[in-house]
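Dear colleague,

My notes on it follow directly after.

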Amino acid sequence: MSQLLQVGEKASMRDVFGEALLNITKKDTKAVVLDGDLANSTKTDIVAKGNAAQFLQMGIAEQNMMGVAAGLASVGLQPWVCTFASFITKRALDQITVSVAQPKLNVKMIGAYSGLLTGCTGKTHQGVEDVAIMRSIPNMVVLAPADGVELIQMMEFAHQYDGPVYIRLARDEQQQIFDAETHRFELGKGLFVKEGGDLTIITTGTQTERSVEAARLLEEQGINASVLHMPSIKPLDQEAIVKAARETGAIVVAEEHNIIGGLGSAVAEILGEQYPTPMIRVGVQDRNTESGKNEELLKKYNITPADMVEKAKEVLSRKR
Amino acid sequence: MSAQLDFAEIKQLKQKAAEARRLVVETVHHAGAGHIGGPLSAIDMLVSLYFDVMNINPSDSKWEDRDRFVLSKGHSAIALYTVLAKRGYFPIEELSTFDEINSRLQAHPDMNLLPGLDMSSGSLGQGISAAVGMALGAKQLGKAFYTYCMIGDGESQEGQVWEAADIAVKYKLDNLIVLMDFNQLQQFGWDGTDGRERERPVTSPAERFKAFGWHTISANGHDFQQIIDACNEAKEVKGKPTMIIAETIKGKGVSFMENQYLWHSKIPTAEELKIASQELMAGV
């Protein structure tokens, strides 16, 4: 499938995910998929149809699903637990902590429908706290791909890695950013998607596409922004963050997540300790969100490219 | 694993259980922390599993075809530790490190620290799901091992237990055998009726699990023959998991602890330890 994804093309992450997961189960009989009765939303139905023997329906019961995954992993299987980001990280949080992360069991956790753009389902189904929750758990790896190419590479990594991994996914179509031939996902490594000297936009997941657009808008106004994409939120590339701060002296962190606890917080923690630099966080401003169309949500919750341009100018005015 | 245990076999199991109980009381006294009533109600079942029922090899604790055991009521860890130590998984002397900093014997079981632990547990309701996963995993891998699990009756107030109960039946997990330590007391519980000081809610666990589609067996959780018979019966059941409702006495074996909810996690004094040890060893 990655060969079919071209830069600039539109593709939906969940379709890519379903196909890639089917491929993993076909290569490895020990990889099993656990569904919390959302297979036709998360697209694990592709596995249910293509490899039924390795698809285990766990019903609408996330706590048990996570515990079952721990048991499966303990006897040598590799469970991929798939449901919405909001449910997996909150309904099953104690199970993730005690049954999976503390014993460092080989469970892959997929938070589909992360962020705000969840198909008009509103605040109960949107996932804007998942990064904050998951990155606070010892032994947890937290990843957020920008596009389908990167997602496939991430899933390959997760398949090879022995331990808990959380991957946050988006629902809808978006533009492909990375070339499958040249892009290489690496755990703990950030990636400068664009280099510019005036400031750096640090971003992750699907917000990277919007950050690239923000950088383009800034360029029209004579401002050169770097865009540092962070597919690996934990472990996080501290070196790249400090380098960006040192070289550009102003930071905007943008994410489709609450500004509390997410990538913005993680960057602030690092800069606060290692290289204090003027910075601004773009994200949901610690408020309850709602249902609505994608463009309306991005606009109302101030995470559009235009919002990022405004914040970039604000942080530039504080640049020392 | 004869169907009918002879007098000598029963006597041996009794002896081991009495020693394990004495070690529980001694260890909790020494540590100045830990649970005591629940471990004492669970001991006879643990001794039955580790010395008779389960197919295990203490010198190869990671053997992949071994039977599995999950202590879902993880706060009874000290009971499991004493039985594992007696079975040869680690030195009995190490029990004295229970609950101490840097110890492999954590307050609740940590599978990555101590040999013989098949799963970590501690937060209630989770172990039974892991046991369901192990049994499902055995089916998925085409392996013949059995998975045993012990839950508490108090623990079964957790909704996760019933989520697990549902899925175990859906996947026809006849390789899963769960024992409920039905001691009818919990840490605090409810005001008692009919002369009881404290009590559990009225739940009728056997009827409930039966309604969920489980094979259920009621047994005296302090009678070795009954426990072992129940496990043997469970192994013969096809197409569904088995729940053994084992009626037990919280604090079993020590007169002043029996059926006293306050002994859920009270620390015995030196004098109480002495009396408890005498009572426990007098029984064998």
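In chain A, 78% of the contacts between residues at least 6 apart in sequence join residues at least 24 apart, a contact being heavy atoms within 4.5 Å. The corresponding share in chain B is 73%.

This is a predicted model, in which local features need pLDDT of at least 70, side-chain atom pairs count only at pLDDT 80 or more, and totals for chains, interfaces and linings use all residues. Residues are numbered from 1 along each chain as its sequence is written, chains are lettered from A and ligands numbered from 1 in the order in which they are written, and side-chain values use heavy atoms, with hydrogens and water left out.

Chain A

Chain A has 13 helices and 14 strands; helices (H or I, at least four residues) and strands (E, at least two) are DSSP runs, numbered from the N terminus. Its radius of gyration is 19 Å, close to the 20 Å that the globule rule gives for 320 residues, so chain A is as compact as a globular protein of that length. The radius is taken over C-alpha atoms, and the rule is 2.2 Å times the number of residues to the power 0.38. Of the 320 residues in chain A, 64% are buried. Here buried means under 20% relative accessible area, exposed over 50%, and partly exposed in between (1.4 Å probe, protein chains only).

The UniProt record, an unreviewed entry, places the annotation "domain: Transketolase-like pyrimidine-binding" on residues 11-176 of chain A; such annotations may be inferred rather than shown by experiment. That stretch is 43% helix and 19% strand, and its end C-alpha atoms are 7 Å apart.

Further along chain A, a cis peptide bond joins A:Lys234 and A:Pro235, with omega about 0°. A:Pro235 sits in the loop between strand S12 (232-234) and helix H10 (238-248). Most peptide bonds are trans, and most residues other than glycine have a negative phi.

Which residues of H10(A) are buried? They are A:Ala240, A:Ile241, A:Val242, A:Ala244, A:Ala245 and A:Thr248. The buried residues of this helix pack against strands S9 (191-194), S10 (199-203), S11 (225-229) and S13 (251-258), and against helix H11 (263-274), of chain A. Just after H10(A), A:Gly249 takes a positive phi of about 70°.

Chain B

Chain B comprises 8 helices and 7 strands. For its 284 residues a compact globule would have a radius of gyration near 19 Å, and the 18 Å of chain B agrees with this. Along the principal axes, the C-alpha trace of chain B spans about 50 × 50 × 40 Å. Buried residues account for 55% of chain B.

B:Asp194 lies in the loop between strand S4 (190-191) and strand S5 (198-199). Is B:Asp194 buried or exposed? With a relative accessible area of 78%, B:Asp194 is exposed. B:Asn259 belongs to the loop between strand S7 (242-247) and helix H8 (270-282), and at 45% relative accessibility B:Asn259 counts as partly exposed.

With kind regards
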